[in-house]
Amino acid sequence: MTETTPDAVPAAPAKPNVIEAPADRTRRLRVGGLMLVFALIGLLLAIFTKSGKATFQLVSGDLQNNLLHLPAQAVGLLLGILGVGAAAAYIVRRVPQRYAGWLAALLGICFIGAFLCWASAGKTFPLANQFQGTLNFATPLILGALAGVLSERAGVINIAIEGQFLTGAFTAAVVSSTTGSAAAALIAAAATGVLMAALLAVFSIKYLVNQVVLGVVLVVFATGITGFLFDEFLQPDANKLNTPEVLSAVKIPGLASIPFFGPILFNQTILVYLTYLAVAVVTFVLFQTRWGLRIRAVGEHPKAADTVGINVKRIRYSAVLSAGILAGLGGAFFTVGYAGSFSKEMTAGNGFIALAALIMGRWHPIGATVAALFFGFATQLQSQLQIIQTPIPGELLLMAPYLATIIAVAGLVGRVRAPKADGEPYVTE
Amino acid sequence: MSTETTVEPAPVPAKEPQRSGLPSWAIQGLVSLSAIVLALVVGAILIIVTDDQVKTAMGYFGAAPMDTISAAASAVGEAYKALALGAFGSVTAISESLTQATPLICGGLAVSLAFRTGLFNIGAQGQLIAGAILAAYVGFAWHLPAGLHLIVAILAGLLGGALWGGVVGLLKARTGAHEVIVTIMLNYVAIYLLAWLLTTSAFQRPGRTDPISPIVDSNAQYPQFGDTRLHGGFILSVLAAIFVWWLLNRSTIGFELRAVGANADASRTAGMSVGRAYIIAMVVAGALAGLAGTQQVLGTDLPLTDGVAASVGFDAITVALLGRGTPLGTVLAGLLFGALNAGGLQMQLITQTPLTLTTVLQAVIVLFVAAPALVRSIFRFLPKERGSGAVLAKGWNG
C-alpha cells in the first residue's frame, strides 16, 4: 500500500506508483487469463446461439404467465462482451484485491447468463425451479461447510462431515418414522452429529490421532454402521422404521410475497430457515463474541492462547461439538428435509463437497455459504439442462462443478491459507 | 502445568518409558493385532445386539441368564466361523481372499507412496478408473498377438492412472492446490467420465443399452490360476510392493520423496525440488492405482462397467493407513482386508450377517491402529513405541 503523506496532499495524484511484486503479477496474469478464457467461451457460445427467444419461467410450474422472453443471441452477446470487459479490466487495470472478487463474480454471472441464453434459445428454461433446486442442494452443503468452518477455525480438521451427514440422515429417518415428530427427528439428528463430533474430538484432541486420517476413518465407520443397521433393521422393517415424514414448507407471511425470490426463499421447511439462521449465527459468533475470538485464537496459535489463560482443549472440544449439531442437521436434510426414506450411502459424497466449499470459501462462513450455493446451482443446472435437452451429455455437465472446484482451487483461489494450527494437536509440555 | 521444568543445560537422553527389548516392528505388529482383536469385539457386540435369538432370550434374561449368553455366543461364533471359513477355509476361499486383496494392495501402495511424500492421495479411486478405462479400451478395441496384448493393455492402464495422478502432483507443485481437494474432485470427474464413455459407441457393447463394454480379448486377460478367480495380477501386486520398497528405500528419488514427506521446508533448503517430488510421487502413485484398475478390468471383471472400481479406491486408503505407509505393511493390510471381504461375503450368505459389518470392522481396526495411545490404554501390557507416528498426512498448510 502506498499511503500519501500529509504534506504530499496538494500534489496531483498522478498514477499511483504501486510496485507489483513478481508473485502478484504472475497471479494477476494467471487469474486474469483464466477469466478471459471463460469470458471468451461465453462470447463464443453467444455467437453460436440460435436466433429466437429464450423464455425464462419466473414462477415454478406456471407455464402461461410470468414468463420472461429475451432475445437469446442479443442478450448472450451483451453478457459475453461484458464478461470479456470484466476479464480485461482485471488484467489491465490491476484492480485492487478487494474489488477483484466482484469482477470475478460479475464474470461468473455473465458466463452463466450467456450459457443459459445459449442453452435455452427457442426453449423455456424453468428459472424459478433452478433457484429453488439450488437452495435444496445447497442447504446441507451450507450446514456441513459451516460445521467445517467452526471446527477447523478451532484447529481441528473435519474431513468426517460426510460421516456426520450419514448418521444424521439415518437417525432423522428412524426417529421421524417411529415418533412422527419432526422436532424429535431434528434433535436426534443433531445429537448423532454431536456424537460423531465427539469421536472426532476425543480421538484428535485426547489421543492425538492424525486428523485427516481420523476423518477418513470416521467416514468409513459411519458408512459401515449405517449400512449395517440399515441391512439389519430398516430393510426388513421398512414400514415401521423407514417411512419418515418429509418436513412441510412453512410460508413466512409478507416475505414470501416478494416477487420471484420471495416464494423461493421464504416458502421453505424449518430446516432451511435454520440454515439461514446458522449462517448468521456462526458468522456473528466467530467474529463478534469472546468464544469466537478464542476459537480463532486456538486455531491460529494455541500456545499463545494457552499463555493468556485460555483452555485450548476445552475451546476445541466446544467448537467441534457445536459443529456436530450443524453437520447432524445437514444430514437430516437428506431424509426428512428432502428425500424421505433413508438408503445406504445416500449422502453420495456431499460431505466432501461441503469440505470443498469450506476450502473454496477460505474458512469463512459467508465464503463457504457462497461456495455451497455455487455447487448447488451447478448441480441443479445439470438436471434442468437434461430436461430441456441440450447437446451436452448429462454426465459431462455433472462433472462441471467438480472441474470448477479444481480450477478455482488451482487458479482463482490460489494458495489458500488454512488456520495456522489447523490439524495440529495441542500438547502441553 | 503443575511442574515448571527448568531448562536443562544438556537434556538427558529422554528416558524411554517402559523400555522394552522388542523391535519397533514387533510392537507395531502387536498394536495391529490388538486393534484387530478390539475390532472383532466391536463386531461381536453388533452381531449380538442385532441377533433375533439373543433378543428372544433377553426377554426372559432374569429367569435364565445363561440362555442369553449362549445365544449370544452361538450368534457370534457362527458368524465369525463363516467369516473365517470364507477367508481361509478352502483353496477356493484362499484364492478368493487373494483375488480381493490384489487391487487393494496396488491401490494401498498408491496411497502409501503419496503418504511417504507428505501427500494424502484420496484419489486412488479416480486413478484406478482412469487406468481401467484405458486398459479396457486397449483390451477390447485393439487386437494384438498373445503376450504383447496384455503388456500393452497393462501399460495403457499405468498411463491412465499416471496421468490422473500426475495432474494432482502438477497442480500441487505449480499452484499449491491442495491435493485432498483435487483428488476428491478428480474422483467424481473420473466417475462421470466413465459413465459418459459407457454411453458412447466407442465403449458400449453393441446391442446393449446398459453401461457395459465389450469383453476384453483373451490375449489381453491376465492368466487365471486353475479354476479360481485368482489371476496373474496378484503377482504384479507383489512385484509392485517390492518396487515401491526399492524406490523408497534404495533409490535416490525415494530418498528425496521421503525427505520431502518428512520436512518439505528442510528439503527445499537442502536443494531438493519439492515440486518435482510431488509430481513424481503422484505420477507413480497414479500408475500404481492404474495397475489396480488393470487388475479389475483385465483380471476380475473383463468387461468395463460403471462399477469397475467398486470401493477399491477408498478401501485402499484404509489399507494404506493400516499398513502405516510401508510396502510390507500395505501388502499385509491388503491381504487382511481381502480376507475380510471374501469372508464377509460368505458370512452374509451363511448367517445373513450383512457384509457391511466388515466395513465397520475395517474402520475400527484402522481407528485403533491410528490411536496407539488408546490401544495401550486398553491393553496395558503393550510397550510404548519408539519413533512411532511417522507423519502420514499433514494439515491443509502442510
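In chain A, 3 strands make up an open sheet with mixed pairing, and their order is S2-S1-S3. Strands here are DSSP runs of E with at least two residues, helices are runs of H or I with at least four, and both are numbered from the N terminus. Two strands count as paired if DSSP finds at least two bridges between them. Strands of a sheet pair through backbone hydrogen bonds, either parallel or antiparallel. Strand S1 (residues 53-57) of chain A is joined to S2(A) by 5 bridges, and the two run antiparallel. Within this pair, Phe56(A) stands opposite Leu68(A) in S2(A). Strand S2 (67-71) and strand S3 (124-125) of chain A are at the edges with a single partner strand each, so each has one side without a neighbour in the sheet.

The model is predicted: local features need pLDDT of at least 70 and side-chain atom pairs count only at pLDDT 80 or more, while totals for chains, interfaces and linings use all residues. Residues are numbered from 1 along each chain as its sequence is written, and chains are lettered from A and ligands numbered from 1 in the order in which they are written.

Chain B has 15 helices and 2 strands. Its radius of gyration, taken over C-alpha atoms, is 24 Å, close to the 21 Å from the globule rule for 398 residues (2.2 Å times the number of residues to the power 0.38), so chain B is as compact as a globular protein of that length. The C-alpha trace of chain B spans about 70 × 65 × 35 Å along its principal axes. Of its 398 residues, 53% are buried, meaning that 20 or more other C-beta atoms, placed from the backbone, lie within 10 Å of the residue's own.

An unreviewed UniProt entry annotates several spans of chain B as "transmembrane region", among them residues 25-49 and 330-349. Positions follow the numbering used here, feature names are shortened, and such annotations may be inferred rather than shown by experiment. Residues 25-49 of chain B are 100% helix, with end C-alpha atoms 36 Å apart. Residues 330-349 of chain B are also 100% helix, and their end C-alpha atoms lie 28 Å apart.

The two chains touch. The contact involves 45 residues of chain A and 42 residues of chain B, where two residues are in contact if their C-beta atoms, placed from the backbone, lie within 7 Å. On the side of chain A that touches chain B, the elements giving two or more residues are helix H7 (211-234), helix H14 (350-360) and helix H16 (394-412). H7(A) provides the largest share, 14 residues.

Definitions and conventions. A residue is buried if 20 or more other C-beta atoms lie within 10 Å of its own, exposed if 12 or fewer, and partly exposed in between; C-beta atoms are placed from the backbone.
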